Amino acid sequence: MSGTGFDANKTDLEMDYDEGDFVESDVELDESDIVAPDDNPTQKMGDPSIEVTEEKQEAAQMAKSKAVDAMSEGNLDEATDHLTEAIMLNPGSAILYATRATVFVKLKKPNAAIHDADAALQINPDSAKGYKARGMARALLGKWEEAASDLHVASKIDHDEEISMVLKKVEPNARKLEEHRRKYQRLRKEKEKEKAARGQQRQRTAEESEASTALKDGQVIGIHSRAELESKLNAASRTSRLAILYFTATWCGPCRFISPLFTSLAAKYPKVVFLKVDIDEARDVAASWNISSVPSFFFVRDGKEVDKLVGADKGSLERKIAQHAG
């Protein structure tokens, strides 16, 4: 039988990992003794503000004795009535609430039992009978982990064989749920990591696509300002590309000699970023790179200069591009 709250139509990997609730599909639990919940318990509760005289205490004790006799004869409804009378007379007694909770457990009214057990534990936080009754009531509702917790506390305060017998059934179910909760949490963390990784990959892909568009594969890009240069170098870094920064001038003969090769190499190496700066047009860029002669070539990867070539040496330019483009 599947555990309460589980969807048998889902596999572990099909769980909704965005939900805060614990969800599992294949937990096999022994639920043979679970009962339908008694919604909205209607038992009378005592008024803790009333004065409890000795006469009332004695009358409450007599009513409790009658309840015990009724319980021994199997008259549970009668026992409940006597205990209710006792509670009305002495509402500050934890044992009276705990005893009535025990009767409600026998009557298969777990929510009523929990209501009384809570009242008993509020009066006496060390009420073993209160923990025991609440644990047994929770077991009737299939709240295995909460039931096990209450029963263990009760056993530590005042152990008895009945607690041991109930725990033999409750603990296996509680352990199964805990094991599957850990499995669920592990799978959820894995899914969250996968989701985060996919998000990062999508972001990287979008950035690379945007950068690739800006870098004009196979073409020489003219640079006209420091801001423009910074933008292109950043795009090259984001896409892990080599950038070659070529400083030239219209009046430079050697530049006119090597410029056609620079253009053809851009087409040959489309994943290398070829940038061209006219030092007279973009004086701020030339100044920031301390250009003293042209043509000058700077090889940049991840924002750092990795090599340099000064002069119109076609062979050296081709070798350096081949060396650093790989």
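Figure 1. Asp217 is partly exposed, with a relative accessible area of 30%, whereas Lys271 is exposed at 51%. Buried stands for under 20% relative accessible area, exposed for over 50%, and partly exposed for the range in between (1.4 Å probe, protein chains only). The side chains of Asp217 and Lys271 meet in a salt bridge of 3.0 Å, N to O. Asp217 lies in the loop between α7 (161–215) and β1 (220–223) and Lys271 in the loop between α9 (253–268) and β3 (273–278), so the pair ties together parts that are 54 residues apart in sequence. A salt bridge is a side-chain nitrogen of Lys or Arg within 4 Å of a carboxyl oxygen of Asp or Glu. Helices (H or I, at least four residues) and strands (E, at least two) are DSSP runs, numbered from the N terminus. The model is predicted, with local features requiring pLDDT of at least 70 and side-chain atom pairs counting only at pLDDT 80 or more, while totals for chains, interfaces and linings use all residues. Residues are numbered from 1 along each chain as its sequence is written, and side-chain values use heavy atoms, with hydrogens and water left out.

**Figure 2. Salt bridge between Lys320 and Asp307.** The side chains of Lys320 and Asp307 meet in a salt bridge of 3.0 Å, N to O. This pair links distant parts of the chain, with Lys320 in helix α11 (residues 314–325) and Asp307 in strand β5, 13 residues apart. Both Lys320 and Asp307 are buried.

Figure 3. Salt bridges that share partners join Asp118, Arg134, Arg138 and Asp150 into one network. Within this group, the side chains of Arg134 and Asp118 meet at 2.8 Å, N to O. The pair links distant parts of the chain: Arg134 belongs to helix α5 (residues 128–140) and Asp118 to helix α4 (residues 110–123), 16 residues apart. Arg134 is buried, with a relative accessible area of 14%, while Asp118 is partly exposed at 34%. The structure as a whole holds 16 salt bridges.

**Figure 4. Strand β4 and its partners.** Five of the six residues of strand β4 (residues 296–301) are buried, so this strand is largely enclosed by the rest of the structure. Strand β2 (residues 242–248) pairs with β4 in the antiparallel sense over six bridges; pairing requires that DSSP finds at least two bridges between the strands. Tyr246 has Phe297 in β4 as its bridge partner. Strand β5 (residues 304–310) also pairs with β4 in the antiparallel sense, over six bridges, and Glu305 in β5 is the bridge partner of Val300. β4 and β5 form a hairpin with two residues between them, and Asp302 in the turn has a positive phi of about 55 degrees although Asp302 is not a glycine.

**Figure 5. The loop between α10 and β4.** The peptide bond from Val294 to Pro295 is cis, with omega near 0 degrees. Pro295 is placed in the loop between α10 (283–288) and β4, and Asn290 is also in the loop between α10 and β4. Asn290 has a positive phi of about 55 degrees although it is not a glycine, and at 66% relative accessibility Asn290 counts as exposed.
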